[in-house]
Amino acid sequence: MSFELLMLAAADGFSYAGLLFLVSLGLTLIFGVQGILNVAHGSLYAFGGYTAATLAIWAAEKQAPTWVLLAALVLAALVVGVILGGILEIGLLRRVQDKDPVLQLLVTFAAFLIFEDLQRLIWGVSPYSSTEVVSRLGNFDIFGITYTAYQLLLIPAVAFGVYLGLLFALRRTRLGKQIIAVTHHREVATALGINARKIGLIAFIMGAFLGALGGALAAPTTSLVPGVGTDMIVLSFSVVATAGLGQITGALITALLIGLARSVAVYTVPELEVAVPYLIMVAVLLVRPNGLFTVAQARRI
Amino acid sequence: MKGNHVKSLHARLGALVAGMSLLFAAPALAQGAKPAELKLGITTFSSGPASVFGVPAKAAAEQWIEEFNAAGGINGVKITPVFIDEGLGGDKLLTEYRRVVQEQGVKVMLSAISSGNCNIVAPVAEDLKVLNVMWDCGTEKLLEDRRYKYVVRTQANAVTEMVATVVYLLKTKPDFKTIAVVNQDYAWGRDSWEIFRNTLQALKPDVKVVAELFPKFGAPDFSTEISRLQALKPDVILSTSWGGDLDTFVRQAGQRGLMKSSLFVLPLAESSAERLGAALPEGVIIGARGDHYFLHPELKDEPKHKAFVEKFRARTRSYPIYPVYHMVAALQAVADGHNKAIKANKGQWPSTEQVAGAMHGLEFKGLTRAVKIREDGQGLEDQLLGMTRNRAGYAFPVMENMMIVPADLVTTPVGQKSPEWVKTLKPDVLKSDRIKVYAK
Amino acid sequence: MARLFDIRILTIAGSLLCLILGLAFPWSKTPIIVGLCFGIATLGVAAMVRAGQVSFGHAMYACIAGYTVAFLARAWPQLDGLLLILAGVGASLFAGAIVGVFVVRYRGIFFGMLNLAISMVLYSVIGKFYAITGGTDGLRINRPTLLGIEFERAGFETVLLVGTLLAAIGLGILVQRYFQSASGEALAGIKTNETRLEYLGLSARRVLWDGYLFSAGLVGLSGALFALVQGLVTPDIGSWLRSGEFVFIAILGGSGHAIGAFLGAAVFELVKLFAAAYMTGIWQMLLGITLIVVILVAPEGIVGLLMKKSALATPRRKSPWGTRREENKWTP
């Protein structure tokens, strides 16, 4: 494999890793604060995508300027994150808060099943997409290969921006510090006067928003079809488990690793493309049972 | 407590016995007596990715059956459809299939869209002695590997479709050197490519295959595949994908300019054209798995066809795509097959066996050109292909430079196996004067 | 032992119902066999649940057994169905023994994740190597002989129905005995207090490995039977969704008694069948709602509900589900 091909693979892997990171980040944030592995996270991705496509199609028909189209994507993710995230947390997870973790996980699995059908009832079965924003942002060439600015620049930039923003928020803001405190130890945090319930809800909605944002940003380049969230769940599981649960920087590095390995596989051993994330996960877990970046401490964010 | 259990068990057993006696008491229909209705089982995708085919086809079935029943049905017998969702998976499909046949007394099944499902239901239909019309699946192996008495196909198979595509490609662009393929990674994607490649090698041996890519079924992203294709710069890119996969591939390829540098051949893209709209550029070779098209060069103004298209548009707000035509063809074949069997049976209502016999050798006409079912159960359906062009009045590109390839020219003869047969094809086939070309 | 008597009646009634339904309505034989297969697989998963470990990858053993059956049946069509089933179970036991060595070192979420990862590797590899495995369309299996006799479809299914039913009853009793045996209690000890288990001189890993092997064999058996009754294996029988369904059924039925697996499977199949016939398009929603209702109303599953209702329930050790959160907080 030549250097040039490696660079091409890296370029493709980047954009893919960006989306994967956003979704995984949401998942790992929710786990960190709530201790719940949210199977319905894939549904948030799908709902985010469908809502974004619906909004963007509508905006494109109205000849809206490019920034409005981009804002529509974020708005869609926000709406889905707040509404679905809120329903999930308040309506369902709170009721099983004191139950066995297995039951908590199963509840999110049930929610996933319900959302799958709900999504089909709302948007039907025809593929959904809105590509307007990609063509507006234009193309450019590397090594004679044409890339879209949207995929190669915008998505990775958003992903990295979200990463920096979240780090800043967690370290420098009051809310972020409260989140970290709850992550450390819920009971102690409560004793210190933090409203752990409220923090849990906020963190859950943030995580849900990130999952939906991944879907919303994918919407302009892909076609949304029934079942689109199903693959995303296991993929983001593998990122989160490989990185170590609750590891934000770890998730970023792992998403990059998986994105790159996957596109290198397309060039070299296409048969293994789909298996690559899981091969990495098995290999990592066998060597480091708690994931790549988990250190021996209570803190998970 | 104990008493309750025993009691409820008794009650349950009693109900069961009652149910069973009802079942056995149902009077067997006397041979020749006209049934009150003809129950017709139809399997189609209401869920899953293939519902892009199943949902319009179901609407078509409902529309056609309404009209048909209003006009008197089959010799006065009305058709009652029973729909089954193929999206539930093979095992649930089989359970439902058997339930409607063995419990509800369905004698005729239209099944299935997916080749995998056809493979599952065909041997079962033969065991249950129920007429099974394969109305949309493409696998050619099924009818070549075994002779079925109760299983027929009312449309072409993958061989007819792929060989016709090669013919169109070679007649419109005879001088290309390299080709790449991007197909879905499942039986249809793999098998259709194998037929296409073998045919191409027989007709134009100097073409080089530069890439064979099989991204997984339902893949959301083809960026890497597209980069690789841009680096390889093949003259022609083939994809037999459909549904969301095809939409995504065409969108991403279009966004990155791949469709400007290579000629795209998309034999199933007629079913995606309206959805893709402007994302599908001009100058792409597309097909429709048969000779059906709402702008059919010979039959677009025929009153029956025109009326159907208008009514379908009013009903579903979209133009009919190929599974719609396949559904109508299968329904028409069932009706004609019954009428043929009734005639042979001196006006008496025929047995399933007699209808199945009548289906073999039947010639019927759905909305487009007539189809003949051969003695092996395979339908001979002509193939229409064309090139996309934007035209005023349509929000999506439509086919122009259309060509209709007669089915018998490009279908494996009865008793031969397709993998060997396509290798024996000669370039003479391209010169046949039976291939009709419609300029503009 | 009034409680046992209840369950005995339930078992006999259920078995009779299966047989009568299957013979009266021939189409119902396959869903009944499939339901029993799900029940058998869930027995295996429930054993893991008792140890507090939830595997989101156990369907891989059904997949391994199913493909073993398919490969052997295609290579040697004269092989008897019983031999095929045994070979399938053998293959899944073999795989379970090897994988078990690694996964028993993990607890909680990482146990689930590692199983998930391994099953996903298998799932995607099988889906990809089209030439060998038939890809996502799978491999067809022609009806083999059973005990040397060649059957028509109807006879074949009847024999499979009876055989599966007998196997289900036998295994149910066996699993219940296992749960109540010393090693079964040790397995449950992994959930409640692993340290105490080690103090007793037992190796927790060894105990879990035994349980894992046992559960792999059970899921394997269900996969082999499933392959034969359907006449087809596809990678889907090893997908993570299928693994999730096994856990789903285990929770639905409850792990208080082995019969829970079959009660759960029955409800699961009934909801699916009902939805397939009358509410096409929302079967997943129905399943999801059922699960949520069960978790909220009867967190110990159907069995738990039945036992609670039965005033004569014998005193049991602490419920396997109702433990406080702190005791089994998932790692880390």
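**Exercise 1. How many residues of chain A are in contact with how many residues of chain C?**

Before we start, a word on the model: it is predicted, so local features need pLDDT of at least 70 and side-chain atom pairs count only at pLDDT 80 or more, while totals for chains, interfaces and linings use all residues. Residues are numbered from 1 along each chain as its sequence is written, and chains are lettered from A and ligands numbered from 1 in the order in which they are written.

*Solution.* 
- Step 1: 37 residues of chain A are in contact with 40 residues of chain C. Contact here means that the C-beta atoms, placed from the backbone, lie within 7 Å.
- Step 2: α4 (101–123), α10 (228–243) and α12 (276–287) of chain A each supply at least two residues of the side that touches chain C. Helices (H or I, at least four residues) and strands (E, at least two) are DSSP runs, numbered from the N terminus.
- Step 3: α4(A) gives the most, with 14 residues.
- Step 4: Sorted by class, this side of chain A has 26 nonpolar, 3 polar and 8 charged residues. Ala, Val, Leu, Ile, Met, Phe, Trp, Tyr, Cys and Pro count as nonpolar, Asp, Glu, Lys and Arg as charged, and the others, Gly among them, as polar.

**Exercise 2. Find how α12 (residues 259–278) and α14 (residues 301–309) of chain C cross.**

*Solution.* 
- Step 1: The axes of the two helices come within 8 Å and cross at roughly 115°. Axes are lines fitted to C-alpha atoms, for helices over the stretch in contact, and angles run from 0 to 180 degrees between N-to-C directions.
- Step 2: That angle makes α12(C) roughly perpendicular to α14(C) (under 35 degrees is roughly parallel, over 145 roughly antiparallel, 65 to 115 roughly perpendicular, the rest oblique).
- Step 3: Now look at the residues: C:I259, C:G260, C:L263, C:G264 and C:V267 in α12(C) meet C:G301, C:I302 and C:V303 in α14(C).
- Step 4: This contact has 5 nonpolar, 3 polar and no charged residues.

**Exercise 3. Describe how β1 (residues 37–44) and β2 (residues 78–85) of chain B pair.**

*Solution.* 
- Step 1: The two strands pair in the parallel sense over 8 bridges; pairing requires that DSSP finds at least two bridges between the strands.
- Step 2: From β1(B) the chain crosses through helix α2 (residues 51–70) of chain B to β2(B), in a right-handed β-α-β crossover (with the strands pointing away from the viewer, the path from the first strand over the helix to the second runs clockwise).

Technical notes: Contact = placed C-beta atoms within 7 Å.
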